[in-house]
Amino acid sequence: MGRAFEFRKARKMKRWSAMAKTFTRIGKDIVMAVKEGGPNPDTNSRLRAVIQNAKAANMPKDNVERAIKKASDKNTANYKEVLFEGYAPHGIAILVETATDNNNRTVANVRAAFNKCDGTFGTSGSVVFMFDHTCNFRINAEGLKMDLEEFELELIDYDVEEVFEDEDGILIYAPFEQFGAIQKYLEENELEILSSGFERIPTTTKKLSEDEQADVEKLLERLEEEDDVQNVYHSMELN
């Protein structure tokens, strides 16, 4: 098992436990997908992926349909994806992914979170190079007609970094830019995609004491309470 597996194992569901927050994040993803490619999932691969994730998160079908309908309204504000960077206490690199319809508000709120938790709000490019931007897919293991090693060889042309199985299915990790090609391959081969998404995996991590970890956790929790924040990534080693 490699770095992506260990990262995901430690992080799994750690910060997506609040159902309402999860649904809000997915709702924003639906708006951005519909605004970008239209309301028909058959012709909008990004929307298909978001719907799969909504299903994996047990988001009611009615909620998804309402979100798509609302996003189709030209009067519905679009959200822009904005990445913020900085440092938590004890030299831990932080990346904050946001989806916002008011950048000034989001900048102010994220900056305030860093300041109030003894962090440092960074400039663009200050820490992003410390993370690999990856895409991932979880597929139904029952639909695979070959062993994992053979399957990984099938995906070699897509620069897939890791393929492994856990209790939830088979996971595939690859570079960010391969998302569309892998999605197409899985769909063409009738492999059921249970969920998919993107992650930023730290290239190196730093081990902290319990007290130091608590300092970092305060900032992470503060950031994730913000309505505009979609994901927070860090370089702290997780136990």
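Two strands count as paired if DSSP finds at least two bridges between them. In this predicted model, four strands form an open antiparallel sheet in the order β5-β6-β4-β7.

**Sheet**

- Strands of a sheet pair through backbone hydrogen bonds, in either a parallel or an antiparallel sense.
- In the open sheet β5-β6-β4-β7 the pairing is antiparallel.
- Its edges are β5 (162-166) and β7, each of which pairs on one side only.
- Direction ignored, neighbouring strands of this sheet are turned against each other by 25 degrees on average.
- Five bridges join β5 to β6 (residues 169-175) in the antiparallel sense.
- F164 has L171 of β6 standing opposite.

**Helix α7 on the sheet**

- Helix α7 lies across β4 (131-139), β6 and β7.
- The angle between α7 and β4 is about 10 degrees.

**Helix α8**

- Helix α8 covers residues 210-224, and at 1.5 Å a residue its 15 residues should span 21 Å.
- The buried residues of α8 are Q213, V216, E217, L219, L220, L223 and E224.
- An α-helix has 3.6 residues a turn, so residues three or four places apart point the same way.
- D211 and K218 are exposed and lie on the face of α8 turned away from its buried side.

- N58 is not a glycine, yet its phi is positive, near 65 degrees.
- N58 belongs to the loop between α3 (45-56) and α4 (61-72).
- The relative accessibility of N58 is 59%, and the cut-off for exposed is over 50%, so N58 counts as exposed.
- E190 is likewise not a glycine and has a positive phi, about 55 degrees.
- The loop that holds E190 runs between α7 (179-188) and β7 (193-202).
- E190 counts as exposed because its relative accessibility is 71%.

**Cysteines**

- A disulfide is a covalent bond between the sulfur atoms of two cysteines.
- The structure holds zero disulfides.
- C117 has a relative accessibility of 13%; buried means under 20%, so C117 counts as buried.
- C135 also counts as buried, because its relative accessibility is 0%.

Conventions: Residues numbered from 1 in each chain as written. Predicted model: local features only at pLDDT ≥ 70, side-chain atom pairs only at ≥ 80, totals over all residues. Heavy atoms only, no water. Helix = DSSP H or I, 4+ residues; strand = E, 2+ residues; numbered from the N terminus. Buried < 20%, exposed > 50% of the residue type's maximum accessible area, 1.4 Å probe, protein only. Disulfide = S-S within 2.5 Å. Expected span 1.5 Å × (residues − 1). Axes fitted to C-alpha atoms, helices over the stretch in contact; angles between N-to-C directions. Contact = heavy atoms within 4.5 Å.
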